[in-house]
Amino acid sequence: MSTTVSTALRTSLPDRSLTPKTVASYVGGVTPVDEVGVTERAAALSTRSVKRESKLAALDLAIRMCDLTTLEGRDTPGKVAQLASKAVQPDPTDPGIPSVAALCVYPNLVPYAVEALAGHPVAVASVATYFPSGQAPLEVKIGEVEWAVKAGAGEIDMVINRGAFLSGDYYRVFEETASIKEACGTAHLKVILETGELSTFDNVRRASMLAMEAGADFIKTSTGKVSPAATLPVTLVMLEAIRDFYARTGRPVGMKPAGGISKAKVAIRYLVMLAETLGSDWLTPDRFRFGASSLLNDLLMQIRWIQEGRYQSPDYFTKD
Amino acid sequence: MVSRLEVRKTYKLYIGGNFPRSESGRSYPALDHRGEIAARVAAGTRKDLRMAVRAARSAQSGWAARSGYNRGQILYRVAEMVEDRAAAFNAAIRLFGVGSAGARREVAGSIDRLVWYAGWADKFAQVLGNLNPVSGPFFNISVPEPTGVVGIIAAESSPLLGLVSRLAPVIVSGNTAVVLASEQWPTPAIALAEALATADVPGGVVNILTGPKDGMVPYLSSHLDVNAVDAYGAEPGQMEEIEQAAAGGAKRVVRPPRTKLDWDKAQSPYMIAAFTEIKTVWHPKGL
């Protein structure tokens, strides 16, 4: 375990031995967040007007960035197969609409998603580590991740141990995240901070840094099971953490706001914020994703509204 | 002593139970019969229309799920509220050159119309529905169901009675409405919105937009999430455009009457029927 940890932290903390104390002092050294400033900045960026041509490009990009998600107790292989065909071709009447980035399901349903998406460019993502609470022993979480990867998941969405984080046991959060990164092998790891449970922007920034140090390929706001989920200010805090981490280490980390983003208008605000904070290098599905279920239909409706000039109805788009 | 400044009302839109300004930030002057500015009224745009339709859509299933009895009670409550504010409604109508007797008749007529339709709320289904005679061991039952979201292009000339006469039969069956108020005489419609907001009508069941109709009618007619358009207040020359736009979404359109309408008499259960869809079900009979 300690070898993994030291590998991951090598970029930032080359000369220090990893102990609970050094990790705690690293977290303690993360610069605090100006809460009012972040809120203001997020609000100011939301007022940006995006013109028609750019809007079509933004909507197209937002579709390519979607992680089409279904995370319900009542999910069935049939529903996953249906969503998979929607992921590949979101609008059957318009072949010009691109596929989404990934289909995100529970581990149990990964084999069905893999089967349905074989030969298509859509990745299979699986939540793991006892999503959404993460309240299970590490061995069990690792077992779940390994199972999902073996079943064919190319991306793993893990949850951090919020209980440990909030009680100040940063070392444990770090260690668990790093071990899960190792269990992922070649699969991409998205680390869910569950910002709705972290209470403050300072905590969000600390958790972001910790997750990136531990090897996260993406950091993600929320499970979608806790309110508030993704918001613009919290996303800005995380984007700025990514920017600072990139400046320091040279390793680009992706961002995934998830939960509560259901309108195309709001999705475009996220893209504006992304471009303004991290630049156009991040305007790609490799570095930014939307975790969403109902957003996709709104994106499709907006595209058709721009094309046809008449307002659309959800009745004309498939639900799943 | 400093003389007191009168506090004047800002006339706003009524969307989803709230009174927002127009998204455009614009207003337009409504002129009284002398050609002077009676009020500056929010100039709604297609974006306000979009918000109103969204509010109407999300309110529709809940409104339709209420019992007819409950919808009737609420409509009756609206009548109570209008009665309570009769003086204000009178003043709003007189502003546009209607005489005092005429204004009183328009307000009284509107109140009576609301009460009349309130009575129909739990009765129209019995009149419009049926147990159909069929040969075979089945019940064959037809029941009227609300069409959904209805756009109402309100009459220009009868700003209160004309509006109430078209609105009440639409919402009584469980439809929700997006109203384009009289452009020329908009203030009584806004006064009605204020009565509706205090009468237990759930937010979004009635949405009232003021502003240039030319900017909103085309988008209302073509909006795929609007299930019917009541074009009673449209000009005959507009009908072709409205019906063509509506055809794209198989929308129900109710045309204006051929002859000039006598609003005093414009009430009928068939006006409720115009905004319902008949659902017929077969159900096996026991022995």
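1. Helices, taken as runs of at least four residues, and strands, taken as runs of at least two, are DSSP runs numbered from the N terminus. In those terms, Gly279(A) lies in the loop that connects helix H12 (264-278) with strand E8 (290-292) of chain A. The model is predicted, and the points below should be read accordingly. The C-alpha atom of Gly279(A) is separated by 23 Å from that of Ala292(A), which stands 13 residues away along the chain.

2. Elsewhere in chain A, helix H13 (residues 295-308) has 14 residues and reaches 20 Å between its first and last C-alpha, close to the 20 Å expected at 1.5 Å a residue. This helix is mostly covered, with 11 of its 14 residues buried; among them are Leu295(A), Asn297(A), Asp298(A), Arg304(A) and Trp305(A). After H13(A) comes Gly309(A), which has a positive phi near 75 degrees.

3. Also in chain A, helix H2 (residues 20-28) packs with helix H9 (residues 170-184) at an angle of about 100 degrees, their axes being 8 Å apart. The two helices are therefore roughly perpendicular to each other, since angles of 65 to 115 degrees fall in that class. H2(A) contributes Pro20(A), Val23(A), Ala24(A) and Val27(A) to the contact, while H9(A) contributes Tyr170(A), Tyr171(A) and Phe174(A). Classified by residue type, this contact has seven nonpolar residues, with no polar and no charged ones.

4. In chain B, helix H4 (residues 100-120) has 21 residues and reaches 31 Å from first C-alpha to last, close to the 30 Å expected at 1.5 Å a residue. Its buried residues include Glu106(B), Arg113(B), Leu114(B), Tyr117(B) and Trp120(B). The buried residues of H4(B) pack against helices H2 (68-84), H3 (86-94), H5 (124-128), H6 (161-171) and H10 (269-273) of chain B.

5. Chain B also holds an open sheet of three strands, in the order E3-E4-E10, with antiparallel pairing. Strands E3 (130-132) and E10 (276-284) of chain B stand at the edges with a single partner strand each, so one side of each is left without a neighbour in the sheet. From one strand to the next, the twist averages 25 degrees. Strand E4 (residues 138-146) of chain B is joined to E10(B) by nine bridges, and the two run antiparallel. Within the sheet, Asn140(B) stands opposite Trp282(B) of E10(B).

Technical notes: Residues numbered from 1 in each chain as written. Chains lettered and ligands numbered in written order. Predicted model: local features only at pLDDT ≥ 70, side-chain atom pairs only at ≥ 80, totals over all residues. Heavy atoms only, no water. Axes fitted to C-alpha atoms, helices over the stretch in contact; angles between N-to-C directions. Parallel < 35°, antiparallel > 145°, perpendicular 65-115°, else oblique. Contact = heavy atoms within 4.5 Å. Nonpolar A, V, L, I, M, F, W, Y, C, P; charged D, E, K, R; others polar. Pairing = 2+ DSSP bridges. Expected span 1.5 Å × (residues − 1). Buried < 20%, exposed > 50% of the residue type's maximum accessible area, 1.4 Å probe, protein only.
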